[in-house]
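This briefing covers a single chain, grouped by topic. Please read it alongside the sequence and the coordinates.

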Amino acid sequence: MARSSGLLVLVAALAALCMLQSAFVPSSKPQVSNEAATLAAAGAVLATPEAAHARLPEEFVIFAPIVDVLPILPVFFFLLAFLWQAAVGFR
């Protein structure tokens, strides 16, 4: 039973992939050249450090230490989920 179920899932995935390819219509716009895409990517990489060093408005400068810690909070929640599952025996 498990073998036929796996085969059925594989056939369904292949059928979905075939339908997905025919679901999108190619655009009539001319394609962006590879050179323009490379320049856009390089510009984005060069602009990223500027965004990371943005300053808070003057009235919110007192909250700067809290703002510095906020990006790491989702990682702590992710680790907390593993700790919780370990406590309940990974049910």
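How many residues does α4 have, and what does α4 reach from its first C-alpha to its last? Helix α4 has 15 residues and spans 21 Å between those two atoms, close to the expected 21 Å at 1.5 Å a residue; the expected span is 1.5 Å times one less than the number of residues. The model is predicted: local features need pLDDT of at least 70 and side-chain atom pairs count only at pLDDT 80 or more, while totals for chains, interfaces and linings use all residues. Residues are numbered from 1 along each chain as its sequence is written, and side-chain values use heavy atoms, with hydrogens and water left out.

**Fold and confidence**

- The chain has four helices and zero strands, where helices (H or I, at least four residues) and strands (E, at least two) are DSSP runs numbered from the N terminus.
- From the N terminus on, the order of elements is α-α-α-α.
- Mean pLDDT (the predictor's confidence in each residue, from 0 to 100) is 79 for the chain, and 76% of the residues score at least 70.

**Surface**

- Of the 91 residues, 0% count as buried; buried means under 20% relative accessible area, exposed over 50% and partly exposed in between (1.4 Å probe, protein chains only).
- The accessible surface of the chain is about 8,700 Å², and carbon and sulfur atoms account for 74% of that area; the areas come from the Shrake-Rupley method with a 1.4 Å probe, and for residues only the protein chains shown count as cover.

- One aromatic pair is found in the whole structure; rings of Phe, Tyr and Trp (its six-membered ring) pair if their centres lie within 6.5 Å, with planes under 30 degrees apart counted as stacked, over 60 as edge-to-face and the rest as tilted.
- The ring centres of Phe 78 and Phe 82 are 5.1 Å apart and the planes meet at 85°, so the pair is edge-to-face.
- Phe 78 and Phe 82 are separated by about one helical turn, because they are four residues apart in α4 (residues 73-87).
- Phe 78 is exposed at 54% relative accessible area, whereas Phe 82 is partly exposed at 45%.

- Gln 85 lies in α4 and is partly exposed, with a relative accessible area of 21%.
- Leaving aside residues up to four places away in sequence, Gln 85 touches Phe 90 and Arg 91; contact means heavy atoms within 4.5 Å.

**Salt bridge**

- The structure holds one salt bridge, defined as a side-chain nitrogen of Lys or Arg within 4 Å of a carboxyl oxygen of Asp or Glu.
- Arg 55 and Glu 58 form this bridge, with the closest N and O atoms 3.3 Å apart.
- Both Arg 55 and Glu 58 are exposed.
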